[in-house]
Amino acid sequence: MASISNAFSLSLPSNRIANSSSDFNPITSALSGLDSGEFSPGRVAVSKPSGIGGRICANATPVMDQPVGEKSSGAPTIVEVDLGNRSYPIYIGSGLLDQPELLQNFDRHVHGKKVIVVTNTTIAPLYLDKVVEALTKGNTAVSVEYVILPDGEKFKDMDTLMKVFDKAIESRLDRRCTFVALGGGVIGDMCGFAAASFLRGVNFIQIPTTVMAQVDSSVGGKTGINHPLGKNLIGAFYQPQCVLIDTDTLDTLPDRELASGLAEVIKYGLIRDAEFFEWQEKNMEKLIARNPNALAYAIKRSCENKAEVVSFDEKESGLRATLNLGHTFGHAIETGFGYGQWLHGEAVAAGMVMAVDMSYRLGWIDSSIVKRVDDILLRAKLPTAPPETMTVEMFKSVMAVDKKVADGLLRLILLKGPPGNCVFTGEYDRKALDDTLSAFCKS
């Protein structure tokens with residue numbers, strides 16, 4: 001089978017995210033090998049090659065020199081997701097829900113006069129009124145409806161989704177309406193899928209309120225719901241008009257949810273941003289302690305990484321799949337153990353440990369990386385093994401219907417080489433997978 005293991009082997013210093021250039025065309029290389037067994041991205045410059053056009057806004061300050069201090073407020077940091085005429089901004093900052101001009105950009109974000117806010121029973125009492133005010137302050141022409149859903153992964157299903165459609169139809173929303181997702185990853189995924197489906201597609205805005213949603217799920221347009229047989233198997237790629245990340249919403253986030261989101265932050269460092277991983281190793285205690293500038297920087301850096309990948313591979317043909325390090329194992333844990341029993345980030349953390357273990361068994365990484373991954377996850381207060389009730393057969397049965405299966409072949413994201421490098425591949429010794437599953441399961 002042909003391989004493009006070097007198609008994304010270009011490695012650039014993380015402090016040169018912006019204004020980097022090369023004759024290497026990652027898009028051409030990627031598209032030429034999407035059906036290959038191995039896909040290795042390495043670190044790619046943010047600026048697209050000449051002829052592609054567009055850019056992603058990014059701070060060029062060296063990662064290790066980032067200040068970590070008190071909370072700041074004012075004008076937001078903006079990371080642009082470059083998708084041509086469907087590009088959109090990610091606004092990041094403190095107090096952004098008190099800046100109505102960000103949401104009331106009627107040329108770009110809210111096109112019509114009707115808005116529906118989709119939120120849950122936990123977030124509604126905290127932020128719903130503030131969001132409604134931000135959407136309507138000084139503008140009586142806009143009317144806002146809302147629907148409050150039950151909170152939790154176990155409600156990410158078709159029955160709950162229908163409540164959104166019911167409210168939208170009862171409110172006589174039209175094709176110029178805007179859906180607003182106010183909450184964590186479950187709300188964002190469901191609201192986005194509802195927006196993609198209602199009247200065959202209407203505008204929507206993401207206002208994520210958890211670390212998990214702010215660094216990962218709100219960016220890139222993945223939307224959907226779970227099925228009893230597998231996580232996120234029903235959905236669509238559908239991009240928002242903007243993402244508004246008010247870091248103040250993390251003040252009310254439970255500690256367990258905070259830690260869960262950090263799993264995705266760690267993931268970015270392992271698969272494509274080694275300097276960011278080193279920064280995390282030095283600053284994990286500050287992140288756990290909710291140091292506002294440390295959190296703001298981790299969110300910004302994660303969004304830059306996600307936006308860069310999405311701009312090159314929106315529909316997960318190759319490069320974007322590498323963002324799923326640990327997710328194949330993790331999704332099996334969530335499905336097999338029961339949706340909502342473990343938070344998504346907790347399952348992904350255990351899944352990353354399993355993926356790293358398998359990478360080591362294949363001889364693709366050395367033992368020092370195994371130890372560093374285990375150490376940082378423990379410091380982030382995340383699990384490093386699956387639940388004891390998970391069996392080898394449970395893992396295999398769920399992984400068999402994973403979205404990354406192609407022609408019956410399970411493809412995995414594994415580390416290969418030093419931190420910041422990974423492969424998306426179906427070409428690996430099956431014994432290594434069996435040995436990893438056996439090592440982490442009692443039966």
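Guide: Begin with the lining of the largest cavity: strand E9 (230-237), helix H10 (327-337) and helix H13 (392-399) each supply at least two of its residues. Helices (H or I, at least four residues) and strands (E, at least two) are DSSP runs numbered from the N terminus. This is a predicted model, in which local features need pLDDT of at least 70 and side-chain atom pairs count only at pLDDT 80 or more, while totals for chains, interfaces and linings use all residues. Residues are numbered from 1 along each chain as its sequence is written, and side-chain values use heavy atoms, leaving out hydrogens and water.

Visitor: Which element gives the most to the lining of the largest cavity?

Guide: H10 does, with 4 residues.

Visitor: How do I read a nonpolar core?

Guide: In soluble globular proteins, nonpolar side chains tend to be buried together. A nonpolar core is a set of buried Ala, Val, Leu, Ile, Met, Phe, Trp, Tyr and Cys residues joined through side-chain atoms within 4.5 Å. Buried means under 20% relative accessible area, exposed over 50%, and partly exposed in between (1.4 Å probe, protein chains only). Here the largest core has 82 residues, and those with the most contacts inside it include Ile90, Ile266 and Phe329. At least three of its residues come from each of domain 1 (77-253) and domain 2 (312-440), with bounds from an automatic or database domain assignment.

Visitor: What is Ile266 in contact with, leaving aside neighbours within four places in sequence?

Guide: Its partners are Phe277, Gln280, Met284, Met352, Ile376, Leu377 and Ala380; contact means heavy atoms within 4.5 Å. Gln280 is in helix H8 (residues 274-288) and counts as buried because its relative accessibility is 0%.

Visitor: How many disulfides are found?

Guide: The search finds 0, a disulfide being a pair of cysteine sulfur atoms within 2.5 Å. The sulfur of Cys177 has its closest cysteine sulfur in Cys191, 9.9 Å away, so the two are too far apart for a bond.
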